[in-house]
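Trainee: I would like to learn how to read features from a model. Can we work through one together?

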Amino acid sequence: MTIFDVLTLLGGLAMFLFGMNVMGSSLEKISGGKLESILEKMTNNRIKGVLLGMIVTAVIQSSGAVTVMAVGFVNSGIMALRQVIGIIMGANIGTTVTAWILSLTGIDADSNIFIQLLKPSSFAPLLAFIGIVIFMFAKSEKKKSISTILLGFALLMIGMDTMSNSVEGLKNIPEFTGILTKFSNPVLGIAAGFLLTTVMQSSSASVGILQALSATGAVSVSAAFPIVLGQNIGSCTTVLLSSVGANKNAKRAAGAHLVFNVIGVVLASALFYGANAIFDLPFIEEAVGPASIAIIHSVFNIFTTIILFPFGTLLEKLMCIIIKDDPQEGIKEEDTGLVDDRFLRSPAYALDKIKEQCDEMALLAKKNISMSIDFIKFYSKIKDEKIKENEKLLDQYEDALETYLLKISALDLSIEDSMRASKYSHAIGNFERIGDYGVNILKTKRKMHMEKIHFSADANKELDIMGRAVKEIIENSTNAFINNDIDLAQTIEPLEQVINNLKAQLRAKHSKRMSDGECSIENGMLFFDIINSFERIADHCSNLAVCIIELSQGSYKTHSYLKGVKTSDNKYFMESFEEYLNKYAVR
């Protein structure tokens, strides 16, 4: 083996790893977080968990990504520990699909022409050509993602083929075969597999490298078997690292993955080496090829799942014994936060989680405004505390979600996901500001209560009319956001214009009462504070509606939209405006 063979090996390894990464990322992007959502919603029993974990892993080609996601589910309180144990078992089986795909490199070149077409050297260049043509000429994001899947898969297979060809000369080097013989020792073999997978951070990649080495004909069953076992333990490293800083249940989920594989390795080793000691297995020193390694990998994971599946509940209890609850943490351990960085492996799914929290934020802002408006009539100490408590929650939402959105925006997002991120960022800011104006109303009413200041009957009637209009606009805008209802969002701007008119009308009426001596200047300033807050709430509802409408059309041009919609030529706007004007008329 010359220095050029070594360089070729490194180049093949680079193509292999890059192709695997590109293909996995593109598969994840094209799924749009749907696979993770299915996992979340359909794992109410362990059998479903195993099947879904297997299917999702086979599709996105990464057991690590699926298992880390499962740990995130537990950490966020979305799933219980017992639910993710099934996903972990299924993910271990699903990851063996990659080894079977890579085993195509071992097809005999002298085979039938149709069989030869299955070799990577035959179909990978064609896939690469098709992929690059689609990538260069396609306009849609989805087609480009499909093209990168083809390109990634082609690179993966070409890299695998290149590695296999570069190490072919090793079969004639006694030192190389001598090293591989040492891995026949179970401890050394398991340790080698564990270290290789830990370094590569991917069991699929490390199994692929072993398959490439097997093409030399120098890898025996006795050497391959313990290495494959060690690779399965090594696949737990990424998951264990992801659980650092997580809550106890998330740590238990990561630990369950490790314990599951360790128990499987112990049982498989006992069975294999015990059978060899009793029956002196005739095939143990036979050379293996890529397909044989795929078989070993699959049989081990299927065997482990079948054996341990009935003991899923016991595995859960074992993890609770190993990782005990801290009595002093109590409720704190259940406080899982709003978002989880583990979901960043799937940007589309992370955005789904952001949407769920934005919906909660919308409902909280609406509740606060409703209480604040009712508060104007009757002061309540209980509602005072509740409004302040809700405002703190809104601030927490804004801090956590905006920080999380920054992390998501730094990832490779599709155009659709970029639009969603922009929409949620605008929504978060508007909901938080709406909550602020609710607190402003609270402070005004608290001052009136403490200093025994009262508005006149006419002033209270006017505030009631404007308050009802504000309640309707925030009701419509939050529902439009939660349901992404474009039609409902289009009702916001006419009502916002009516609220602006009401502000001007009420200011004029109250100014006249002040000049006539019916109200004091201090009373007037408090009245103006309330109607100003009403008008600003309506403005933020308008901002929210414009965001919903414009981003649904692939742009965000607030000023041009508002300029275009508020014209006499816009029949829908004028009709809605007249309707709201009559509904909230001040007599």
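This is a predicted model: local features need pLDDT of at least 70, side-chain atom pairs count only at pLDDT 80 or more; totals for chains, interfaces and linings use all residues.

Trainee: Which residues have the most contacts inside the largest nonpolar core?

Mentor: In soluble globular proteins, nonpolar side chains tend to be buried together. Here the largest nonpolar core has 99 residues, and F431 and F534 have the most contacts inside it. Helix α25 (residues 521–552) gives the largest share, 13 residues. Beyond its sequence neighbours within four places, F534 is in contact with residues including I373, L463 and I499.

Trainee: What about charged pairs? Which residue forms a salt bridge with K381?

Mentor: Side chains of opposite charge can pair when their charged atoms come close. K381 pairs with E385, with the closest N and O atoms 3.5 Å apart. Both sit in helix α20 (residues 381–409), four residues apart, so about one helical turn separates them.

Trainee: Where do R446 and D384 lie?

Mentor: These two form a salt bridge, at 3.0 Å between the closest N and O atoms. The pair links distant parts of the chain: R446 is in helix α21 (residues 415–450), D384 in helix α20, 62 residues apart. D384 is buried, at 1% relative accessible area, whereas R446 is partly exposed, at 23%. A network of salt bridges links K381, D384, E385, K388 and R446.

How values were computed: Residues are numbered from 1 along each chain as its sequence is written. Side-chain values use heavy atoms; hydrogens and water are left out. A nonpolar core is a set of buried Ala, Val, Leu, Ile, Met, Phe, Trp, Tyr and Cys residues joined through side-chain atoms within 4.5 Å. Buried means under 20% relative accessible area, exposed over 50%, partly exposed in between (1.4 Å probe, protein chains only). Helices (H or I, at least four residues) and strands (E, at least two) are DSSP runs, numbered from the N terminus. Contact means heavy atoms within 4.5 Å. A salt bridge is a side-chain nitrogen of Lys or Arg within 4 Å of a carboxyl oxygen of Asp or Glu.
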